[in-house]
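Here's a quick briefing on how two chains pack together.

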Amino acid sequence: MSQSQSPRFNVSSLLSDPGGFAARLRDSERFALPAVFLALVSLVGAAVFGFAVGSFVDLQVAFADSAKMVGVVAFSFALTYPTMYVFASISGSTLSPARLLGLGLVATATLGCILAALAPVLWLFSVSTETVGFIVVFAALLAGIGAFFAISALARARQSGVVASTAGLSAWFIVFVVVALQTVTLVRPMLAPLGSSRDPSGKCFFLGHFARVVTNE
Amino acid sequence: MMKRDVLIVVLSTAAYGAVLAAWRSPLMAAYVAVKLPVVFVATTLVVSAFCWAAGLLCRAGLRYCEVLGAVFSAMAVAGSILLALSPVVLYFVFSGAPDAGTREEMRFAHATMMMVHILVLACAGATGNLVLCRALRRRVPPACRLAPMVALWIASFAVVGCQLGWIMRPLVGSPNIAVEFLRSDALDSNFLESLFRQIIPNIISKGAVP
């Protein structure tokens, strides 16, 4: 079988042509395997990024944060999946819930790839910095870069004709990011030794918590 | 078609209403699940005559029933968005709002949630009106001044909707006031006074404004 006849589902094709990747995914008979691949890329990327964040403290926290980030991404995606379907439908999508799941996974997998690619940079700063506020802002900045590329991937999917408009999907992705930030707040501390009482355990909204951490209150 | 849209509006706003007040108590959630659909449907009925008149002034040539149908379809879109965001907002309520704390902390949490809900409702309303605008563009004659007409509709919805919501308070449920279906002073002030005298100052001062 020639290479052009077998659709390619790998990281390089995802990053170089996310629109084409989404189009192939939509048309693929064997949908489940690439969807699982995308989910794995999303989770591995989150785990690697979490490891880099936790390296600020020690190896134990790095592994704990790695597991937490996997949970954060999986939970946020599951919670916002109905939102994605409604938002996409309102903006004119006729894709089935399963195919839309694939498109959502293209965005999260792109985010995962960028987070994994930026993880060494974050790790370098984590192990060479002592200011919690700086690491929080720096990690948020790198995650913001990942989110930008994820939304760009959705825009490329529109150019490839997978969806008529990406307004709904982009809005969903913003909701996904906000939920992820709140979940990170819920599973704190991310930047303190395990079992320490450095972070308050009470409920709070992520903006208030991040502001407290950054201003070192 | 309009009956289906009204049903969507009632069910979705009831669901979001329950989420809106869930942090306070189950009784409050039940109250708001009843009150929020009333706010949405009553707002539409109150402004429908003005919307129809504004449509005629802007040469849209729409009959009253067509205006009502268009407005309810926009409301149904907004309701669908509220329904889609209900799990997310519920998650925020239960993961972010404290169960107990000082009066200042509880007031800050209340003001924050008020702002979140106002944002969500405003986004849902804006999207509904955007969809309405697109639909009307295909329906009205080319001579119709669509932009000012829709602007007038949105302004009337915003003013009447906010004030009706204010009259029907408590909707989020202030932590320092007892749970009740309607306040005894429901007709004593307005929404804008509250926004600029309590909600925004409480967020800025972290709950210091009584």
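The crossing of α4(A) and α3(B) is left-handed, a label used when the near helix is turned anticlockwise from the far one by less than a right angle (clockwise would be right-handed). Bear in mind that this is a predicted model, where local features need pLDDT of at least 70, side-chain atom pairs count only at pLDDT 80 or more, and totals for chains, interfaces and linings use all residues. Residues are numbered from 1 along each chain as its sequence is written, with chains lettered from A and ligands numbered from 1 in the order in which they are written.

**The helix pair**

- The axes of α4(A) and α3(B) come within 9 Å and cross at roughly 165°; axes are lines fitted to C-alpha atoms, for helices over the stretch in contact, and angles run from 0 to 180 degrees between N-to-C directions.
- That angle makes α4(A) roughly antiparallel to α3(B), since the cut-off for that word is over 145 degrees.
- On the α4(A) side, the residues making the contact include A:Leu79, A:Val86, A:Phe87 and A:Ile90, and on the α3(B) side they include B:Val77, B:Ile81, B:Leu85 and B:Tyr91. Contact here means C-beta atoms, placed from the backbone, within 7 Å.
- By class, this helix contact has 12 nonpolar, three polar and no charged residues (Ala, Val, Leu, Ile, Met, Phe, Trp, Tyr, Cys and Pro are nonpolar; Asp, Glu, Lys and Arg charged; the others, Gly among them, polar).

**The chain A–chain B contact**

- Chain A puts in 15 residues and chain B 16.
- On the chain A side, α4 (59–90) and α7 (167–186) are the elements giving two or more residues; helices are DSSP runs of H or I, at least four residues long, numbered from the N terminus.
- The largest share of that side, seven residues, is from α4(A).
- Sorted by class, the chain A side has 10 nonpolar, four polar and one charged residues.

**The core**

- The largest nonpolar core has 123 residues, and A:Phe49, A:Val106, A:Leu115 and A:Leu169 have the most contacts inside it. Such a core is a set of buried Ala, Val, Leu, Ile, Met, Phe, Trp, Tyr and Cys residues joined through C-beta atoms within 7 Å.
- Helix α3 (residues 64–96) of chain B gives the largest share of this core, 18 residues.
- Leaving out neighbours within four places in sequence, A:Leu115 contacts A:Gly45, A:Ala46, A:Val48, A:Phe49, A:Ala143 and A:Gly146.

**B:Phe40**

- B:Phe40 sits in helix α2 (residues 26–57) of chain B.
- B:Phe40 counts as buried because it has 29 C-beta neighbours inside 10 Å (buried takes 20 or more).
- Beyond four places in sequence, B:Phe40 touches B:Val9, B:Thr13 and B:Met75.

Notes
Buried ≥ 20, exposed ≤ 12 C-beta atoms within 10 Å, placed from the backbone. Contact = placed C-beta atoms within 7 Å. Parallel < 35°, antiparallel > 145°, perpendicular 65-115°, else oblique.
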